[in-house]
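Open the model in your viewer and keep the selection tool at hand.

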Amino acid sequence: MMNSKGKLYLIPTRLGDNPPLEVLPISIKKVIENLDHYIVENEKTARRFIKRVSPNKSQQSLRLKVLNKYTTEIERNTFLDTCLEGESIGLLSEAGCPAIADPGADIVHLAHQKDIRVVPLVGPSSILLALMSSGMNGQSFTFNGYLPVDKSEKKAKLKNLERLSQEQKQAQIFIETPYRNMKMLEDISQTLHPNTRVCVACDLTLPTEYIRTKTAKEWSNNKEDLHKRPSIFIIQKD
């Protein structure tokens with residue numbers, strides 16, 4: 001018997017405000033043109049993105065459900081009812097790939113529970129782009145999300161990641177709130193072993209893209225302004 005359920009399409013978005021089809025494959029445009037139902041983090045930016053990708057698509061036809069920190073579990077559990085009724089849904093991230101450092105992971109988990117087919121589409125992931133261009137271990141790596149804000153806790157976490165990196169021969173990846181980037185880099189250069197390699201990758205896929213791997217000691221003389229520029233940090237101690 002054929003499965004009459006709709007599919008859940010995982011639709012990557014841009015990492016910045018560049019023309020969509022410079023960084024996204026045509027397959028995303030084709031999927032968006034065939035979908036009216038979406039799960040998004042922000043309705044305004046999602047509508048703007050859909051319009052940029054498919055200018056002729058009717059905005060009135062769009063049915064958007066918002067998934068953010070205010071969404072209750074009861075609400076979230078109804079978000080895939082449309083799939084159960086036979087229509088497909090698109091899951092959009094605010095930037096990059098859905099469900100990677102993104103609340104969409106809960107929806108993908110729900111889809112598997114409900115036996116709904118999940119279809120991941122190709123698009124930019126800042127985490128993988130940074131790792132690709134870092135020169136660090138792409139065979140073994142860990143993404144750690146955000147580090148603690150408290151200075152002493154952050155220092156302890158950085159030292160722990162450095163130790164794990166050396167013991168496991170593993171690249172350790174993390175992110176920071178963009179307005180704290182300069183402070184993060186200062187803490188890195190003051191906390192880690194002078195020869196530990198540190199990659200900073202910011203504004204990925206944008207004209208202002210900046211990617212450098214240097215030692216912690218070399219970063220202590222940093223001249224690049226990273227303030228409010230979305231960045232990925234990677235460390236590895238050999």
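Start by selecting Glu162. At 4% relative accessibility, Glu162 is buried; that term means under 20% relative accessible area, with over 50% called exposed and anything in between partly exposed (1.4 Å probe, protein chains only).

A word on the source. This is a predicted model, in which local features need pLDDT of at least 70 and side-chain atom pairs count only at pLDDT 80 or more, while totals for chains, interfaces and linings use all residues. Residues are numbered from 1 along each chain as its sequence is written, and side-chain values use heavy atoms, leaving out hydrogens and water.

Salt bridge here means a side-chain nitrogen of Lys or Arg within 4 Å of a carboxyl oxygen of Asp or Glu. Lys159 is partly exposed, at 39% relative accessibility. Both residues sit in helix 8 (residues 151-168), and because they are 3 residues apart, about one helical turn separates them. Helices are DSSP runs of H or I with at least four residues, strands are E runs of at least two, and both are numbered from the N terminus.

Stay on helix 8 and pick Arg163. Which residue is its salt-bridge partner? Glu167, with the closest N and O atoms 3.1 Å apart. Arg163 and Glu167 are 4 residues apart in helix 8, so about one helical turn lies between them. Arg163 is partly exposed at 39%.

Now select Lys151, Lys154, Lys183, Glu186 and Asp187 together. Salt bridges link them in a network.

Jump to helix 2 (residues 26-34). Glu33 and Lys29 both lie there, 4 residues apart, about one turn of the helix. Their side chains meet in a salt bridge of 3.1 Å, N to O. Glu33 is partly exposed, at 39% relative accessibility.

Next, show Leu128, Met132 and Phe141 as a surface. They make a nonpolar patch of about 320 Å². Patch residues have over 30% relative accessible area and no salt bridge; like charges are joined within 9 Å, nonpolar side chains (Val, Leu, Ile, Met, Phe, Trp, Tyr) within 5 Å. Areas come from the Shrake-Rupley method with a 1.4 Å probe, and for residues only the protein chains shown count as cover. Leu128 lies in helix 7 (residues 126-132).

Finally, zoom out. The protein has 10 helices and 10 strands. Of its 238 residues, 43% count as buried.
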